[in-house]
Amino acid sequence: DKGTLDALPDPEAQRATLRGVARLLRRPAGVCVSVSFATAARAALLRGAAAELGLELRIRIVPAGPEVRMVALLSESFGDSCSGQLDCADDLTRDTLDKLLFSGPLREEQFIRFEHA
């Protein structure tokens, strides 16, 4: 997924898409990779979906020019020693997620708008 979740109209459509992806994952080694804007709403959506679907979640924040993107991996098992989402995270990921999730309420999150030129 690169931007698919960003393009869906609402959180329920996003959750339904993630449920569909989870059904198609080859167990136990299948991996869903999601690349999206780094927002608190996306982090919350992925955490909730992982818990609901019984999947492990790994999130990394990566530089993309002047911005950052969230790269999330969902799988039944990664076979590593990271027991939590941030146990093996780098400083950029940890700091960005802390800022996103704990700096204020989600309702203040800026909307990303796409307009035709």
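**Note on the salt bridges of this model**

1. The structure holds six salt bridges. The model under review is predicted, and the points below take up several of these contacts in turn.

2. Arg 42 and Asp 6 form a salt bridge in which the closest N and O atoms are 3.0 Å apart. This pair links distant parts of the chain: Asp 6 belongs to helix H1 (residues 4-7) and Arg 42 to helix H3 (residues 40-53), 36 residues apart.

3. The two partners of that bridge may also be described by their accessibility. Arg 42 has a relative accessible area of 6% and is buried, because buried means under 20%. Asp 6, with a relative accessible area of 25%, is partly exposed.

4. A salt bridge also joins Arg 19 to Glu 52, with 3.5 Å between the closest N and O atoms. Arg 19 lies in helix H2 (residues 11-24) and Glu 52 in helix H3, so the pair ties together parts that are 33 residues apart in sequence. Arg 19 is partly exposed at 25% relative accessibility, and Glu 52 is partly exposed at 47%.

5. Which residues are linked with Arg 19 and Glu 52 in a network of salt bridges? Glu 12 and Arg 15 are the residues that join them in this network.

6. Glu 67 and Arg 69 form a salt bridge through their side chains, with an N to O distance of 2.8 Å. Glu 67 is partly exposed, having a relative accessible area of 42%. Arg 69 likewise counts as partly exposed, at 23% relative accessibility.

Terms used: Residues are numbered from 1 along each chain as its sequence is written. This is a predicted model: local features need pLDDT of at least 70, side-chain atom pairs count only at pLDDT 80 or more; totals for chains, interfaces and linings use all residues. Side-chain values use heavy atoms; hydrogens and water are left out. A salt bridge is a side-chain nitrogen of Lys or Arg within 4 Å of a carboxyl oxygen of Asp or Glu. Helices (H or I, at least four residues) and strands (E, at least two) are DSSP runs, numbered from the N terminus. Buried means under 20% relative accessible area, exposed over 50%, partly exposed in between (1.4 Å probe, protein chains only).
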